[in-house]
Each structure stands twice: as C-alpha cells, then as structure tokens.
Amino acid sequence: MKKKHFIAPALALGIIGGFIAVPNAIFADSDAAIDSATSTAVTQDAGKTTTGDHVITPQATDGQIVDRPVAGFNDSADFDVKGGYGYVRLYLRNTGDTTITFTVNQGSASGAEKYSGTVKPGKTFDEILNKSNAWSTGKFYVSLSSGSGSMSGKLGVRTSTNTNF
C-alpha cells in the first residue's frame with residue numbers, strides 16, 4: 001500500500017497563504033489606526049495621541065541602571081543625564097542585614113553631592129531625587145556603603161523629561 005504524503009502540499013499552501021496575507025500588513029496605513037472601542041480613527045504625532053476627546057501626552061524615560069545587584073561593604077555605579085532628561089528617580093532595595101548609606105554626586109564619585117540618604121534593612125527607597133529642578137546634563141555617580149556588614153539588594157536609576165514617572 002502506497003503512503004500518501006500531505007506534508008509538502010500543506011506546507012506549500014501555508015507558504016502561499018502567508019504571501020497573500022503579508023502584503024496587507026506591509027501596505028497598511030500607518031498614519032491612522034482604528035480604535036475598536038469607539039470605531040474612530042486614532043491619530044498620532046511625535047508628542048501626543050488623540051483618541052476621541054482624550055489627549056494623552058507621554059513622558060519619556062531613560063533606564064540608566066536597571067536592577068543592578070548591590071554587594072560588599074562599598075559599591076558604586078554611574079549614570080548619564082542626557083539633555084532634556086534632568087529628573088532622576090533612584091530605587092534602592094535593601095535585602096541585607098545592615099543599613100545602606102547612599103550619595104549621588106555629579107561629575108565624579110567625589111564631586112558635588114546632589115543627594116544622600118539611608119535605607120534600613122528590609123526597606124526600599126524609591127523616589128524622584130529632584131522634583132523642583134531638573135539636573136544638568138552629565139555623568140552622575142551613586143556611591144553605596146554599609147559600615148558593619150555586607151550589603152545585599154538592588155539598585156535602579158531612571159531619568160525622565162518630567163516628574164510623572
């Protein structure tokens with residue numbers, strides 16, 4: 001008895017079907033999309049999205065340090081503040097048994113101090129460091145230390161164009 005092979009014809013049909021469906025995706029109108037909830041066109045420019053009578057203006061953020069492990073008695077990391085991204089949020093989670101002291105300095109690890117604080121064991125610091133004034137562009141350094149025991153935790157720094165992040 002001769003075996004019938006359906007794999008090749010099925011594969012060919014799938015490939016042909018794919019070529020038929022792809023041009024619709026390639027040539028879709030990228031300037032307007034349909035909002036399924038209201039069936040109205042959604043337009044977008046570089047700064048805002050309009051849906052019906054709602055205007056959404058996104059803030060831009062830049063992840064500079066993301067979930068960096070913190071260890072040892074002293075640790076440091078640096079990040080850049082780019083033009084227009086002068087607001088800084090620092091996240092420091094202390095999972096160790098000792099208090100972590102941190103400072104943020106501009107230009108070098110021993111440069112002008114911009115912010116300092118402490119995070120007790122089991123606690124998390126997660127705040128915008130400069131809500132009233134944007135920092136200037138340049139390199140900044142986060143220095144971490146613990147006096148009595150090894151640190152354990154995570155460090156994160158993000159910069160943004162405004163304070164809504």
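**Notebook: aromatic cluster, core and sheet**

I looked up Trp135 and found it buried, at 11% relative accessibility (buried is under 20% relative accessible area, exposed over 50%, partly exposed in between; 1.4 Å probe, protein chains only). I am working on a predicted model, where local features need pLDDT of at least 70, side-chain atom pairs count only at pLDDT 80 or more, and totals for chains, interfaces and linings use all residues. Residues are numbered from 1 along each chain as its sequence is written, and side-chain values use heavy atoms, with hydrogens and water left out.

**Aromatics.** I searched the whole structure and got five aromatic pairs (ring centres of Phe, Tyr and Trp, the last by its six-membered ring, within 6.5 Å; planes under 30 degrees apart are stacked, over 60 edge-to-face, the rest tilted). Phe79 and Phe140 are stacked, because their centres are 5.6 Å apart and their planes lie at 15°. Phe79 is in strand β6 and Phe140 in strand β11, so this pair ties together parts 61 residues apart in sequence (strands are DSSP runs of E, at least two residues, numbered from the N terminus). Trp135 and Phe140 are stacked too, at 5.2 Å centre to centre and 20° between planes. I note Phe79, Trp135 and Phe140 as one aromatic cluster. Phe140 is buried at 0% relative accessibility.

**Core.** The largest nonpolar core has 21 residues (buried Ala, Val, Leu, Ile, Met, Phe, Trp, Tyr and Cys joined through side-chain atoms within 4.5 Å). Among those with the most contacts inside it are Phe79, Val104 and Val142. Strands that each supply at least two residues of this core include β6 (74-81), β8 (100-106) and β11 (138-145). I listed the contacts of Val142 (heavy atoms within 4.5 Å). Beyond four places in sequence, they include Phe79, Leu90, Val104 and Leu155.

**Sheet.** Four strands make an open antiparallel sheet, in the order β6-β11-β8-β9 (strands pair if DSSP finds at least two bridges between them). β6 and β9 are the edges with a single partner strand each, so one side of each has no neighbour in the sheet. β8 and β11 pair over six bridges. Val104 stands opposite Val142 in β11.

**Gly122.** I checked the loop between β9 (112-119) and β10 (124-128), where Gly122 is found. Gly122 is exposed, at 62% relative accessibility. Not counting residues up to four places away, Gly122 touches Asn94 and Gly96.

**Asp67.** I placed Asp67 in strand β5. Its phi is near 45°, a positive value in a residue other than glycine. Most residues other than glycine have a negative phi. Asp67 is partly exposed, at 48%.
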